[in-house]
Amino acid sequence: MLAPFSRPPGDRPGTATPERTEHPLTATAMRKTHPQRHAFPHVGTVTTRWTDNDIYGHVNNAVYYHYFDSVINAYLIDQGGLDIQQGEVVGFIVHSECDYLGPVAYPGNLEVGIATTKVGNSSVTYQVALFKPGETAPSAVGSMVHVFVAQASNQPVAIPDRLRHALQAIALRA
């Protein structure tokens, strides 16, 4: 036999609503100071697609990584000369994380800010953020790490000079 539906105490008529507490990770993410749009030296535009929305009517969390990766790679191709088809060196994302601060949805354009926070010998760490057009506060912030490898061996290699120069040109602004 199924148990009858029961409401939480605060939802029953005549009962007090218990104090709600935020999930500790959400509370931490919301308290952090996040870089504003002006801190990102490069901002690219992405267009949401119908398939980006989930059943809840907003862009699914996993899709944010597509946006970030697309803008990073477009920048590396355009400014750093990265040849993803036939180049000797390619970049692999080896780490990524994202804090979701507010929903975005189809249809519309979004802006992705990218900046570097560390450029090493074979790797680079990016700070990324997603903005609604015209807004200075991000809807999401995150970081991604690329390791550059020889395409033939998948072994880490020094970042080529042209690519290194392009990466250094987008250092996060204070």
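Colleague: Is serine 123 buried, partly exposed or exposed?

Modeller: Keep in mind that this is a predicted model. Serine 123 has 24% relative accessibility. Buried means under 20% and exposed means over 50%, so serine 123 counts as partly exposed.

Colleague: Which element does serine 123 lie in?

Modeller: Serine 123 is part of strand β4.

Colleague: And what does serine 123 touch, leaving out residues up to four places away in sequence?

Modeller: The list is Lys118, Val145, His146, Val147 and Ile159.

Colleague: How far is serine 123 from alanine 158 in space?

Modeller: They are 8.1 Å apart, C-alpha to C-alpha. In sequence, 35 residues separate them.

Colleague: Let's zoom out. How many helices and strands does the protein have?

Modeller: Three helices and five strands. Starting at the N terminus, the order is α-β-α-β-β-β-β-α.

Colleague: How much of the protein counts as buried?

Modeller: 37% of the 174 residues.

Colleague: And the contacts between residues at least 6 apart in sequence, what share joins residues at least 24 apart?

Modeller: That share is 70%.

Colleague: On to the cores. Which residues touch the most other members in the largest nonpolar core?

Modeller: Leu76, Tyr126, Leu130 and Phe148 do. That core has 29 residues. At least two residues each come from α2, β2 (89–100), β3 (109–119), β4 (123–131), β5 (140–150) and α3.

Colleague: Which element gives the most to this core?

Modeller: Helix α2, with eight residues. There is also a second, separate core of six residues. Ala39, Ala129, Phe131 and Val141 are among them.

Colleague: Back to α2. At what angle do α2 and α3 pack?

Modeller: About 120°, with the axes 9 Å apart. Helix α2 covers residues 61–80, and α3 covers residues 161–168.

Colleague: Which residues make the contact?

Modeller: From α2, Tyr75, Leu76, Asp78, Gln79 and Gly80. From α3, Arg162, Leu163, Ala166 and Leu167.

Colleague: How many of those are nonpolar, polar and charged?

Modeller: Five are nonpolar, two are polar and two are charged. Leu76 turns up here, and Leu76 was also named for the largest nonpolar core.

Technical notes. Residues numbered from 1 in each chain as written. Predicted model: local features only at pLDDT ≥ 70, side-chain atom pairs only at ≥ 80, totals over all residues. Heavy atoms only, no water. Axes fitted to C-alpha atoms, helices over the stretch in contact; angles between N-to-C directions. Helix = DSSP H or I, 4+ residues; strand = E, 2+ residues; numbered from the N terminus. Contact = heavy atoms within 4.5 Å. Nonpolar A, V, L, I, M, F, W, Y, C, P; charged D, E, K, R; others polar. Core = buried A, V, L, I, M, F, W, Y, C linked by side-chain atoms within 4.5 Å. Buried < 20%, exposed > 50% of the residue type's maximum accessible area, 1.4 Å probe, protein only.
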